[in-house]
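Subject: Structure for your review

Dear colleague,

Please find below the sequence and structure that I am handing over to you. My findings follow directly after it.

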Amino acid sequence: LTVGVSLAFMCLLLVASVYLNYRPVKKLVSQHAPDNSGSNLTEFELLDSLFFAKDERISSQNNLLSSFLISDLLFGVDIDPVLLKSHFPEEKFHHFCVAAVSKLQLNSAQANSVAGLLRSQLSTAEVYTTSLPNSPRILFIFMSEKELNQELLKSKILFAVDKITAKSCSIQLGEAVESIWELPRSHQGALAVNLPIDQPANIPSEDPHLTKEIQLFTQYVCSGDQTNALAALERAEGIIASGSTSVNYRNYYCYKLLLTYLSSIRESSVSLTEADMEPLLAFQHPAQLFALLRQSAISCCKNVQKANQSSNAQVQSKLLQYVNDNLTSSELCLTSTADHLKLSIYTVSRLFKECTQQNFKEYITGKRLEMAFDLLTTTDQTISEIANSVGFEDASYFSEVFKKHYGVVPTKMRNAQNAGK
């Protein structure tokens, strides 16, 4: 009898132990897979699958956010310093550099493959890639704890591009800087037009501030930023006027400014006619040149803005059409959309939000949930079938998103709708 009682007591303890240990598992399943009735997986297998998928989504979102932060920084968008520091800790990164790659077209997958290969070659550096709206150049941003060797970076980029695409390209690196907030300066240097002009012996050494202002002036004109272009031109004029009393000095730098400006315009989306260039080339003195450059810059900026607006409107129309035509495809994402339109993920994201006032994921999720709600209330399809038909690969994730949006899981929503009929 004593043995029987002991065995019964031990069985009760075992059952209680299993129950107490199983309750947290059951709770986790109900939280993360609230509508998993159609699944053939055990609770542990389901949790393993769910957490792996969630880790993948979080990792992908973090990488995308890091890329967007860098792009915003280069594009001049205000960034939360705390957010930037959390993604790029000061104790981890001390050296930064931007490389601009031109004469090459890469889709997002290829650009990311090049960046991945560069990471493997430069074991101490992190590498990001992006391209800005209305810019033909592909940017690679390097961050490292150790000092960056620019010649080494250039050779590694050439190797990686050749390895991934079997194509050649032109590379220009900006100045290596020691703060992530100085990356825009490195970016400006990477976009600058450097002309091989021999400096006469009787001309004083070139003022780096003048070189910077000339570069900024041409970049702002090519991007259509009239206010900053005229401000940079005014600063350049002041430097030339105060730099020396030598006529040779002033004429030399006026010609260099003019040649840099004309070369930059030639590579941009705007063109100057022979009639536009003739007055510039025939200038008699610096004051006349700067007056002519102001007029030319204003005209060019307006033309760039019009061209960009027209181009953006066309792209946005194609973008919305593509997204709406592929809403039910589980393959639809920022990357696939960017590759279809031959744009960077950053450009697609910015243009999409401009025309819909929603970010890409919000828009797609909202549309898919609307379709799912309609199918729930008008068909007898299972939850898994509905999830798949509106573009969700994972029925559990669909149920989680549905509950977050509507407040109840899909089955309860269906039951409530049927009860009201």
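**Contact between helices H4 and H5**

In this predicted model, the residues Gln-110, Ser-113, Val-114, Leu-117, Leu-118 and Gln-121 of H4 meet Lys-156, Ile-157, Phe-159, Ala-160, Val-161, Lys-163, Ile-164 and Thr-165 of H5. Sorted by class, the contact of H4 with H5 comprises eight nonpolar, four polar and two charged residues.

Two packed helices are described by the angle between their axes and the distance between the axes. For helix H4 (residues 108–121) and helix H5 (residues 150–165), the axes come within 9 Å and cross at roughly 130 degrees. H4 is therefore oblique to H5. The crossing of these two helices, H4 and H5, is right-handed.

Leaving aside residues up to four places away in sequence, Leu-117 touches Phe-159, Ala-160, Lys-163 and Ile-164. The C-alpha atoms of Leu-117 and Lys-156 are separated by 9.0 Å, and the two residues are 39 residues apart along the chain.

**Contact between helices H14 and H16**

How do the axes of H14 and H16 cross, and within what distance do they come? The axes of H14 and helix H16 (residues 395–406) come within 11 Å and cross at roughly 95 degrees. The two helices, H14 and H16, are therefore roughly perpendicular to each other. On the H14 side, the contact is made by Lys-361, Thr-365, Leu-369, Glu-370, Ala-372, Phe-373 and Leu-376. On the H16 side, Tyr-397, Phe-398, Val-401, Phe-402, His-405 and Tyr-406 take part. By class, the contact of H14 with H16 has nine nonpolar, two polar and two charged residues.

**Nonpolar cores**

The largest nonpolar core has 39 residues, and those that touch the most other members are Phe-88, Ile-141, Met-143, Ile-180, Leu-183 and Val-323. Among the elements that each supply at least two residues of this core are helix H2 (43–75), strand E1 (95–102), strand E3 (138–144) and helix H11 (286–325). Not counting residues up to four places away in sequence, Val-323 touches Leu-332, Thr-337, Phe-352, Phe-360, Tyr-363 and Ile-364. Another core, of 32 residues, lies apart from the largest one; Phe-217, Leu-233, Tyr-252 and Phe-283 are among its residues.

**Individual residues**

Is Ile-239 buried or exposed? Ile-239 counts as buried because its relative accessibility is 17%. This residue, Ile-239, is placed in helix H8 (residues 226–243). Beyond residues up to four places away in sequence, Ile-239 touches Asp-207, His-209, Leu-210, Glu-213 and Tyr-249. The C-alpha atoms of Ile-239 and Glu-213, which are 26 residues apart along the chain, are separated by 9.2 Å.

Most residues other than glycine have a negative phi. Lys-342, although not a glycine, has a positive phi of about 60 degrees. Lys-342 lies in the loop between H12 and H13 and counts as exposed, because its relative accessibility is 64%. Gln-357, also a residue other than glycine, has a positive phi near 60 degrees. Gln-357 is placed in the loop between H13 and H14 and, at 64% relative accessibility, counts as exposed.

**The protein as a whole**

The protein has 17 helices and four strands. Of its 421 residues, 40% are buried. Among contacts with a separation of 6 or more, 67% involve residues 24 or more positions apart.

Yours sincerely

Technical notes:
Residues numbered from 1 in each chain as written. Predicted model: local features only at pLDDT ≥ 70, side-chain atom pairs only at ≥ 80, totals over all residues. Heavy atoms only, no water. Axes fitted to C-alpha atoms, helices over the stretch in contact; angles between N-to-C directions. Parallel < 35°, antiparallel > 145°, perpendicular 65-115°, else oblique. Left-handed = near helix turned anticlockwise from the far one by under 90°. Contact = heavy atoms within 4.5 Å. Nonpolar A, V, L, I, M, F, W, Y, C, P; charged D, E, K, R; others polar. Core = buried A, V, L, I, M, F, W, Y, C linked by side-chain atoms within 4.5 Å. Buried < 20%, exposed > 50% of the residue type's maximum accessible area, 1.4 Å probe, protein only.
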